[in-house]
Amino acid sequence: MRTSAAAGTAPDHEVAIVGAGFSGIGAAIALDRAEIDDWVMIEAGDGVGGAWHWNTYPGVAVDIPSFSYQFSFAKRSDWSRIYASGAELKRYAEDLVDSHGLRSRIRFDTKVGGAAYDEEGHLWRLDTDRGEVTARFVIGATGVFSQPKLPDIPGVDEFAGTTAHTARWDHDLELAGKRVGVIGTGASAVQLVPSIAPEVEKLTVFQRTPIWCLPKPDGPIDGARRWALENLPGAKLATRLASQLYVELTFPLPAHFNGVIPLGKQGERVGRRFLREEVDDPVVRDRLTPRYGLGCKRPGFSNEYLATFNRGNVELETTAIEAVTAAGVSTIGDRLHELDVLVLATGFKVFDRGNMPPYPIKGRSGLDLEEWWDENRFQAYEGVSVPGFPNLFAILGPYGYNGASYFQLIETQVRHICRCLRHARKERATAIEVTREANDRYFRQMLDRRTHQIFFQDTCADANSYYFDRHGDVPLRPSPSVETHWRSARFDLDDYRFERRLSPAPAGSHR
Ligand code: NAP
């Protein structure tokens, strides 16, 4: 690793934020508000917005109502729809960056390749492709859906036509009149498939596991609705509360308290009724019917996806794929689907090696975070920090996200981090490390709640869900949102050790 700061000198910045998606933006705004303004944001791409910068496939939109999918301190009443488009979310990110004066402190096109803790200097050395950056504290804000996953299908590189991944859409790609195959039926495919079906000659959707697809209470936020939102007293707040409740009832509560709150079964009834209403052919309907509990994996929300399978030019292929060949996709039994374009809607590395963490991270005594998680299972105190890795915080660490709005997660974790940093500043501490006891206590609490989670019921056996990691754990946070909020504001600061480096003066101590 190159060095720009010799051990013992002050770091380049007090805080380095890695990633300029909404997590990084939320962290930066909170740091400025806490008057911790000596931060730098490092972003691999050439723009802000994270998932909404990279994912631009046809039909891309949020699948959580926009009233919840936004920061509480930057609520908009001019979303064009209840579920905003990807382009609108990208604009929201741009607006936040400009209106909060963040842009000049973002280093674009800079990829972090590794991070190592300098124990003597109480600082992190980030190895980037544009040289080393040192910072007292690091906030990992790289999101979870950042590394597209290719399917482990033989011959996937041998297709002679055009191959595209939903997460890296090529806007020069012409689909009109083409024979198109889509592998995957996750949330991305649910949006893509109905968007491209009308223009292609033939669309073949290769499904391995059907997704629970629920109706989407979507619609334009037109003049009258918008007027009401902007002018009726309490309308914005009431809409936000209703939206938060809806989100809470559609994932975190039924998934984490399945044994207590039987909402999953009701949701499944809604899903089955929707299938009956939308899909004409009973054989196709049966193939689209999930055989696992709602909540075992992320459901889709769409008013168009299921009905797309009624179209004459759309085929649902559920026989397993054997290989991709130069001509197309062949399924078991030697049926070849000849294609011009192959779309991989095969998702992302999630709890996979190389994504958690997204680059090698070495803590105290060279302790490697990936190896530590391999040996000890994924764990992080409140989903934020790990013992042995001082001054390092994550927005989306293991057992941090409960499945509600991602913005709620960001605000919760950032509140936690800012409490630590403010306390460090007050104590003139230069190293903050969560204690092993606090981490172990939190991990035990999370595991103890498994009995009620849907993931550990038999109904999830056939779900093939990316929520499960290589240890068979589901490192989502089994908590209602109100609890995550409460704990971020009230966790005991004694769960951390604050240490002061005596000489020379720490960065930020002049303030
Ligand atoms: P995903 O949910 O991981 O779905 C990937 C799909 O590819 C699955 O259907 C999977 O089948 C299939 N697949 C993977 N490898 C395969 C193989 N070798 N052979 C056959 N099929 C294969 O990915 P995604 O749809 O991109 O969604 C990822 C996440 O992004 C979502 O869960 C959601 O949280 C987020 N997302 C959000 C929005 C939004 O509106 N906010 C939109 C899109 C995505 P199996 O199910 O059998 O594994």
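Axes here are lines fitted to C-alpha atoms, for helices over the stretch in contact, and angles run from 0 to 180 degrees between N-to-C directions. Helices (H or I, at least four residues) are DSSP runs, numbered from the N terminus. This is a predicted model, in which local features need pLDDT of at least 70 and side-chain atom pairs count only at pLDDT 80 or more, while totals for chains, interfaces and linings use all residues. Residues are numbered from 1 along each chain as its sequence is written.

**View 1. Helix H11 beside helix H13.** Let us start with H11 (residues 406-427) and H13 (residues 481-490), whose axes come within 8 Å and cross at roughly 20 degrees. The two helices are therefore roughly parallel to each other, a term for angles under 35 degrees. H11 passes H13 in a left-handed crossing, meaning that the near helix is turned anticlockwise from the far one by less than a right angle (clockwise would be right-handed). Gln 408, Thr 412, Gln 413, Arg 415 and His 416 of H11 make the contact with Ser 481, Thr 484, His 485, Ser 488 and Ala 489 of H13; two residues are in contact if their C-beta atoms, placed from the backbone, lie within 7 Å. By class, this contact has one nonpolar, eight polar and one charged residues. Ala, Val, Leu, Ile, Met, Phe, Trp, Tyr, Cys and Pro count as nonpolar, Asp, Glu, Lys and Arg as charged, and the others, Gly among them, as polar.

**View 2. Helix H1 against helix H11.** Here H1 (residues 22-33) packs on H11 at an angle of about 40 degrees, with the axes 9 Å apart. That makes H1 oblique to H11, and the crossing is right-handed. On the H1 side you will find Phe 22, Ser 23, Gly 26, Ala 27, Ala 30 and Leu 31, which meet H11 residues including Tyr 406, Phe 407 and Ile 410. Nine nonpolar, two polar and one charged residues form this contact.

View 3. Domain 1 (13-147 + 350-499) and domain 2 (162-211 + 298-344) divide the chain, with bounds from an automatic or database domain assignment. Their centres, taken over C-alpha atoms, are 33 Å apart. Eleven residues of domain 1 are in contact with 14 residues of domain 2.

**View 4. Around the ligand.** Among the 26 residues around the ligand, Pro 151, Gly 184, Gly 186, Arg 208 and Gly 347 come nearest; a residue is near a molecule if its C-beta atom, placed from the backbone, lies within 6 Å of it. Helix H4 (residues 187-196) gives the largest share of this shell, four residues. Domain 1 and domain 2 each supply at least three residues.

Methods. Angles under 35 degrees count as roughly parallel, over 145 as roughly antiparallel, 65 to 115 as roughly perpendicular and the rest as oblique.
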